[in-house]
Structure formats: C-alpha cells, structure tokens
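Hi everyone, thanks for making time this morning. I'd like to walk you through one structure and talk about who touches whom.

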Protein chains: 2
Amino acid sequence: MPDNATSASNAASSAADRAYAEIRGLILAGDASPGTPLREEALADIVGVSRTPVRDALRRLEVELYAVRTLGRRLVVADWDSDDVAEIFALRAMLEGHAAARAARRATQAQLAELRHCNAAIEVAVALPQPDIARFLAENRRFHDIILSASASARLSTILAGLVEQPIVRRTATRYDRADLARSAHEHGQLIQAFAAHDEDWARAVMTAHIRRALHAFQDVISSK
Amino acid sequence: MPDNATSASNAASSAADRAYAEIRGLILAGDASPGTPLREEALADIVGVSRTPVRDALRRLEVELYAVRTLGRRLVVADWDSDDVAEIFALRAMLEGHAAARAARRATQAQLAELRHCNAAIEVAVALPQPDIARFLAENRRFHDIILSASASARLSTILAGLVEQPIVRRTATRYDRADLARSAHEHGQLIQAFAAHDEDWARAVMTAHIRRALHAFQDVISSK
DNA sequence: GTTGCTGATAATGTATACAAAAATGGCCAT
DNA sequence: ATGGCCATTTTTGTATACATTATCAGCAAC
C-alpha cells in the first residue's frame with residue numbers, strides 16, 4: 001500500500017468531502033503556498049464539483065486554520081510559523097493528555113486489548129529490516145484514535161480532529177530513525193500500562209511527554225534541514 | 001440596554017450570521033428542545049432567508065455541538081447532560097488557563113490598563129443597589145476576550161469561541177448573589193496582578209480556579225432547582 | 001507626485017432549481 | 001397480526017443563476 005496519507009486519492013463519500021480532502025492536500029503538499037488565494041470557482045474547477053461543496057470544504061479548512069480570511073472576506077492559505085507549530089503541539093499535549101486521563105478512568109478490557117494489538121503492529125512495523133513508515137503512521141493514528149474514543153468526549157474528539165495535523169507527524173516520522181520509532185512504541189506501552197492501572201495522572205503524564213517529545217523531534221528536523 | 005444576550009435581536013451583518021444567532025437562540029431558549037429535528041427549509045422560513053445561509057449556520061452549530069447528526073445525515077438539537085457541562089468547564093479551565101499563562105507572558109501595558117478598566121466597570125455593576133447582571137455579563141465577557149487576545153493564539157481563540165457557552169454563564173449569573181459576583185471581580189483582580197507580574201503559573205492557577213468555581217456554582221444552581 | 005474618487009471587474013453571499021438519499025406508510029405475504 | 005418490501009414523500013446534497021460587496025485601474029484634482 002503506497003503512502004498517500006496526504007493525497008486525496010481515497011474516494012470520499014460526498015462531493016464536499018472530496019473537495020475538503022483535495023484542497024487540504026493541495027495546501028499540505030505545498031502546491032498552494034501560504035498566502036495563495038483560495039477562490040471558490042477555481043477550486044470547484046480543479047475538484048470537478050460546483051461551488052457549493054467547495055464552500056463547505058473551505059469553511060471546514062477555515063475553522064481548522066488551514067486557511068485564513070483576509071479583510072475582504074477572501075480566503076488565503078494560512079502561513080504557519082514555528083510558533084504556530086509549537087502552539088499546536090502544546091494544545092495537543094494538553095488535550096490529548098486530558099483524553100488519556102479520561103481514557104484511564106473509562107477504558108474497557110476490549111479497548112485495552114485493541115490498544116495492545118495496535119501497538120504490537122507498530123512494533124512489528126518498526127522492527128522490520130526496512131521500517132515500514134506508512135504502516136507505523138497508520139497504526140499510530142489508530143492508537144490515538146482508540147484512546148480518543150475511550151475518552152468518551154465528543155467535544156474533545158471534535159476539537160482534536162482539527163488539531164491532529166497528521167502531515168506534521170508524517171513529515172517528522174519520515175526522518176525518524178529506528179530508535180525514535182521504537183521509543184514511540186515504548187511510550188505507547190507505558191500508556192497501556194497506565195490505562196490498565198486506571199491511573200489518570202500517570203496516563204496524562206505519559207501522553208504529555210509523548211506529544212512534547214514529538215514537538216522537539218519535529219523542531220530538530222526543521223533546524224537541521 | 002435590555003438583556004438580550006441569548007436572543008437574536010441584534011441585526012448581524014450577513015444572513016448566515018443572522019441565521020446562526022437566531023437558531024442558536026431557539027436552542028438556548030429551549031424553544032427547540034433536545035432531539036428536535038433541525039430542518040433546513042423550516043428554519044429558512046423562520047429566519048426569513050434561504051436554505052444556503054441556514055446550512056452555513058447549521059454547520060457551525062454542528063461543529064460547536066449544539067446540534068448532532070443522526071444516522072441519516074439529519075440534524076437534531078443536542079442533549080447536554082451534566083457530564084457534558086462538566087466536560088465543557090473542564091476544557092475551558094484547561095484552555096483558558098493556558099490562555100492566561102500566555103497572556104501573562106505577553107500582556108502589554110495597554111492591555112493591562114484595559115483589563116483594569118474593564119474590571120472596574122464590573123465592580124461598579126456589582127456594587128449597585130440592584131446589581132446590574134447584564135452589565136456584569138457583558139463586561140465579564142469582554143474581560144475574558146481581552147485575555148484571549150493578549151494570549152495571541154488564533155487557534156486558542158477559535159477553539160474557545162465554540163466553548164464559551166455564554167448561555168450557561170448567564171443562567172448561572174442570574175442566580176449569583178452579590179457576594180458571588182464580588183468574588184468573581186476579586187479573582188479578576190488577582191488575574192491582573194498575575195499578568196502585571198508576568199507570572200505564568202500564577203495566572204494559570206487563578207484562571208483555572210476561576211472557571212472551576214463557575215462550574216460548581218452552576219452545579220449548585222442546577223441541583224437546588 | 002500623490003491622494004481620492006469612480007466605474008469596471010471579479011470575488012463572495014444568497015436564492016432557487018434539481019438530484020440523490022433517507023424516512024414514512026401502506027401493502028402483501030406469511 | 002406481523003414482518004419485510006416497495007412506492008411515496010420528505011429532507012438533504014449539489015448545481016447554477018443572481019445579488020451584493022470588495023478590489024483595482026484609471027483619472028481628476030490638488
């Protein structure tokens with residue numbers, strides 16, 4: 001399975017979803033660089049739908065701050081500086097930490113089993129002679145999604161959905177060496193232990209550390225580039 | 001100025017904004033009780049606009065979880081139980097605490113002056129023979145908005161905008177006695193001190209306490225009803 | 001040369017018509 | 001009587017035409 005996490009290759013259900021995925025892809029791939037205007041009709045032509053679903057997609061991208069509105073109600077691609085990235089990670093650390101704490105309180109045996117199974121898959125992907133980055137990313141995302149669902153907070157899920165920034169994770173992970181990936185899997189193991197013990201504080205602390213390490217890994221990649 | 005915080009009486013700029021305000025008003029006023037379907041055409045008739053701006057408004061209300069989508073892509077008014085309310089306050093405590101910490105680092109003298117002026121107005125409103133609740137609420141909101149703007153994080157502002165739940169604050173404040181209102185003003189004073197000292201931890205702690213007290217005040221009102 | 005207006009142009013905002021999908025109700029078979 | 005299936009009806013999704021608003025070029029006045 002090719003690594004197409006940021007492309008819009010998977011046919012989504014509705015035209016609005018397709019538009020969202022495709023426009024988001026354009027932004028993340030850098031085809032639409034910061035400051036580029038996002039004109040509804042042009043995008044409608046590109047995606048092959050009408051303006052209506054494009055408008056829906058742009059509204060979502062605006063909420064998630066992929067796009068910002070200029071004074072005259074026009075949309076342009078947002079420019080994320082390093083402070084923005086740091087802030088995204090800070091918010092994720094806080095909110096996913098909170099999610100982990102809630103999950104520690106509520107996780108069922110079935111969910112714990114799912115997490116163990118998921119992390120086992122991650123460990124396999126990491127241990128391969130040539131680590132399977134795409135597999136790692138997919139399972140990593142699933143791992144965090146299981147926790148989010150175990151946290152049983154629709155609000156938290158909604159807020160974090162716009163914050164996950166898979167692209168950043170992905171860009172970072174492509175530079176990870178095996179040791180980094182293994183460390184990530186190890187931290188997941190600690191999380192599972194904390195959940196099994198129903199220790200909220202432990203779970204929150206491990207998750208916070210997990211995310212903040214990702215921030216610094218990302219910053220290292222950027223500065224060494 | 002009458003107390004119309006939750007009504008849609010103020011003529012918003014666009015039809016979409018009017019629709020948003022009016023539909024939100026219907027939900028908050030209880031005219032549309034939990035589970036009530038939100039049909040686009042019916043709402044368009046009520047607001048006096050077409051379905052297009054109503055759709056925009058419903059999308060926003062959906063993101064903010066005022067409405068939830070049923071299996072068949074229909075929208076109904078969401079049902080907030082006490083756990084949801086507690087979760088909203090928990091998230092606000094975390095995020096506004098974070099905002100306060102950032103504001104403590106960044107607040108300018110001008111912003112501090114604005115906060116002092118704003119809180120002075122609150123103290124006046126509270127000290128009146130008949131406390132001016134509407135004024136209290138308006139200035140309270142402004143106080144928190146100034147902090148949010150001083151925190152200089154567009155992401156935080158966006159997330160908190162969907163979480164402020166002014167209606168809850170309002171419902172609570174109408175039951176506050178003068179002592180409660182005065183305590184709130186006092187906590188604002190502490191916040192200003194923390195900002196002036198540029199003490200992030202202090203600011204975060206005071207803000208967290210401020211919000212969590214509001215949660216318990218709200219819960220007391222509910223349980224004593 | 002610069003500032004401010006004004007009309008042309010191009011973008012977003014809104015309304016409406018049409019398409020697709022889902023819910024409802026009745027009918028038939030069992 | 002009940003359960004499943006199909007047609008009708010309702011509702012949402014999409015396309016497009018029209019209205020409104022912002023931008024920008026050009027020109028005039030200073």
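Before I name any residues, here is the cut-off I'm using: a residue is near a strand if its C-beta atom, placed from the backbone, lies within 6 Å of it. And please keep in mind that this is a predicted model.

Let's take DNA strand D. By that cut-off, 17 residues surround DNA strand D, and the closest are S14(A), A15(A), V49(A), S50(A) and G72(A). Which elements each supply at least two residues of this surface? They are α1 and α3 of chain A, together with α2 of chain B. The largest share comes from α3(A), with three residues. Sorted by class, the surface near DNA strand D has six nonpolar, four polar and seven charged residues.

Now to DNA strand C. At least two residues each are supplied by α2 of chain A and by α1 and α3 of chain B. The largest share, three residues, is from α3(B). The classes for DNA strand C read six nonpolar, five polar and seven charged.

Last stop, the protein–protein contact. Chain A puts in 14 residues and chain B puts in 13. On the side of chain A that touches chain B, the elements giving two or more residues are α3, α4 (82–106) and α7 (154–161) of chain A. Which of them gives the most? That's α4(A), with five residues. By class, this side of chain A has seven nonpolar, three polar and four charged residues.

Happy to take questions!

Technical notes: Residues are numbered from 1 along each chain as its sequence is written. Chains are lettered from A and ligands numbered from 1 in the order in which they are written. This is a predicted model: local features need pLDDT of at least 70, side-chain atom pairs count only at pLDDT 80 or more; totals for chains, interfaces and linings use all residues. Two residues are in contact if their C-beta atoms, placed from the backbone, lie within 7 Å. Helices (H or I, at least four residues) and strands (E, at least two) are DSSP runs, numbered from the N terminus. Ala, Val, Leu, Ile, Met, Phe, Trp, Tyr, Cys and Pro count as nonpolar, Asp, Glu, Lys and Arg as charged, and the others, Gly among them, as polar.
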